[in-house]
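Work through the exercises below with the model open. Try each task before reading its solution.

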Amino acid sequence: MLCFTVALTAPGCGGSSGKKIDRQSISGSVTLDGAPLDQGTIRFEPMSDVKEKTAAGSLIQAGRYAISAAEGLPPGKYIVSISAVEGAASTPAADPQDAMNAAAKETPKADRIPAKYNKNSELVVEIKSGSNQHDFPLTLMQPK
């Protein structure tokens, strides 16, 4: 599985306090109306009660995502954003300048995932010490 992770602080580095961050691994599944999400991204943003303000994210492929402990998150509550943009390139350009040039030529793409799961996310998880599995069964339908 091709994965990437993004962290606001480098793995193994201390936060603003200089102490090593107690990072935890996170993995799970993402389905959309019962089917594995073919591709997308998932991002975890800290809520106000998290001491170390660290965010992380990963690609979703074939309905699965994983963030290693080395690049994971400290315990606490996080808001989760999940996106799957129509026509997104499955393989980004190797040269950052080429990727920026290609992106500048593209028109904005529609997200297949409803806003309640990304820009207006209602998804909150708690990361605990040890490995964490969080599955996200998303639906296109509005709850009644």
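This is a predicted model: local features need pLDDT of at least 70, side-chain atom pairs count only at pLDDT 80 or more; totals for chains, interfaces and linings use all residues.

**Exercise 1.** Determine whether Tyr65 and Phe136 are buried or exposed, then classify their ring pair.

*Solution.* Step 1: both Tyr65 and Phe136 are buried (under 20% relative accessible area; exposed is over 50%, partly exposed in between; 1.4 Å probe, protein chains only). Step 2: their ring centres lie 6.3 Å apart, with 40° between the planes. Step 3: rings of Phe, Tyr and Trp (its six-membered ring) pair if their centres lie within 6.5 Å; planes under 30 degrees apart are stacked, over 60 edge-to-face, the rest tilted. This pair is tilted. Step 4: Tyr65 is in strand E5 and Phe136 in strand E9, so the pair ties together parts 71 residues apart in sequence. Strands are DSSP runs of at least two residues, numbered from the N terminus.

Residues are numbered from 1 along each chain as its sequence is written, and side-chain values use heavy atoms, without hydrogens and water.

**Exercise 2.** Find which residues the ring pairs link into a cluster.

*Solution.* Step 1: the structure holds two aromatic pairs. Step 2: the rings of Phe44 and Tyr65 have centres 6.1 Å apart and planes at 45°, so this pair is tilted. Step 3: ring pairs link Phe44, Tyr65 and Phe136 into a cluster.

Methods: Helices (H or I, at least four residues) and strands (E, at least two) are DSSP runs, numbered from the N terminus.
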